[in-house]
Amino acid sequence: MDAIPDTSGATRPEATGQDSACPGMPDPTRADLIIRNLGFCGHYLHFHGGGRSGREPILCLLHCMGGQMSQQALGARFELKPGSLSEILAKIEASGLIERTRDPHDRRQLFVHLTKEGEREALQALKAREAFRSKAFSNLTDEEQETLLMLLGKVRNRWEELNA
């Protein structure tokens, strides 16, 4: 299998999936290469985008919801068990970015509120996300972006079928 050139025409071994640590292994299939590249993108977004349910996504969601949400709704939004969410929120609260208060009408219900510092950090995170999004696909033409969007939609639909 030929190496896959990047947009500059240079050959990137990581894009081919060739692994010099495993000589004699068969060349990866096209599906292997796609999965590896999607894996890189997922890893990048998780670790550089704040993860799916870490501090940054929680702060951004709270900001977008007017600065407060019930802890239960927040957990449902991120598909987190109450204990896991509580642990994450405790760390964010210890940083002074959120406060949790009980609903005066239902003492079992907790509300999560952004502090001023939390609002400031959420706005910074949102600006950084927007800057990333504006540059992330700038190496693709509008037509290529539309094609990528369509293809990713088809892949997602297929994977959802496989998971059903």
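Visitor: How many aromatic pairs does a search of the whole structure find?

Guide: The search finds 2 aromatic pairs. Keep in mind that this is a predicted model.

Visitor: How is such a pair described?

Guide: In general, two values describe a pair of aromatic rings: the distance of the centres and the angle of the planes. Take F40 and Y44, whose ring centres are 6.2 Å apart and whose planes stand at 35°, so this pair is tilted.

Visitor: Where do F40 and Y44 lie?

Guide: Both are in helix α2, which covers residues 30–48. They are 4 residues apart, about one turn of the helix. As for accessibility, F40 counts as exposed because its relative accessibility is 53%. Y44, at 32%, counts as partly exposed.

Visitor: What kind of aromatic pair do Y44 and F132 form?

Guide: Y44 and F132 form a stacked pair, with 5.8 Å from centre to centre and 25° between the planes. Y44 is in helix α2 and F132 is in helix α6, so this pair ties together parts of the chain that are 88 residues apart in sequence. F132 has a relative accessible area of 37% and is therefore partly exposed. Together, F40, Y44 and F132 make one aromatic cluster.

Visitor: Now to charged residues. How many salt bridges does the structure hold?

Guide: The general idea is that side chains of opposite charge can pair when their charged atoms come close. This structure holds 8 salt bridges. One of them joins the side chains of E121 and R55, at 2.8 Å from N to O.

Visitor: Which helices does the pair of E121 and R55 link?

Guide: E121 belongs to helix α6 (residues 116–136) and R55 to helix α3. The two residues are 66 apart, and the pair links distant parts of the chain. R55 counts as partly exposed because its relative accessibility is 38%.

Visitor: How far apart in helix α5 are E87 and K91?

Guide: E87 and K91 are 4 residues apart in helix α5, so about one helical turn separates them. They form a salt bridge in which the closest N and O atoms are 4.0 Å apart. K91 has 55% relative accessibility and therefore counts as exposed.

Visitor: Which residue forms a salt bridge with E93?

Guide: The partner is R100, and the closest N and O atoms of the two are 3.0 Å apart. E93 is partly exposed at 28% relative accessibility. R100 is also partly exposed, with a relative accessible area of 21%. The cut-off matters for reading that last value, because buried means under 20%.

Visitor: What is I92 in contact with, leaving aside its neighbours within four places in sequence?

Guide: I92 is in contact with R55, I58, L59, L97 and I98.

Methods:
Residues are numbered from 1 along each chain as its sequence is written. This is a predicted model: local features need pLDDT of at least 70, side-chain atom pairs count only at pLDDT 80 or more; totals for chains, interfaces and linings use all residues. Side-chain values use heavy atoms; hydrogens and water are left out. Contact means heavy atoms within 4.5 Å. Buried means under 20% relative accessible area, exposed over 50%, partly exposed in between (1.4 Å probe, protein chains only). Rings of Phe, Tyr and Trp (its six-membered ring) pair if their centres lie within 6.5 Å; planes under 30 degrees apart count as stacked, over 60 as edge-to-face and the rest as tilted.
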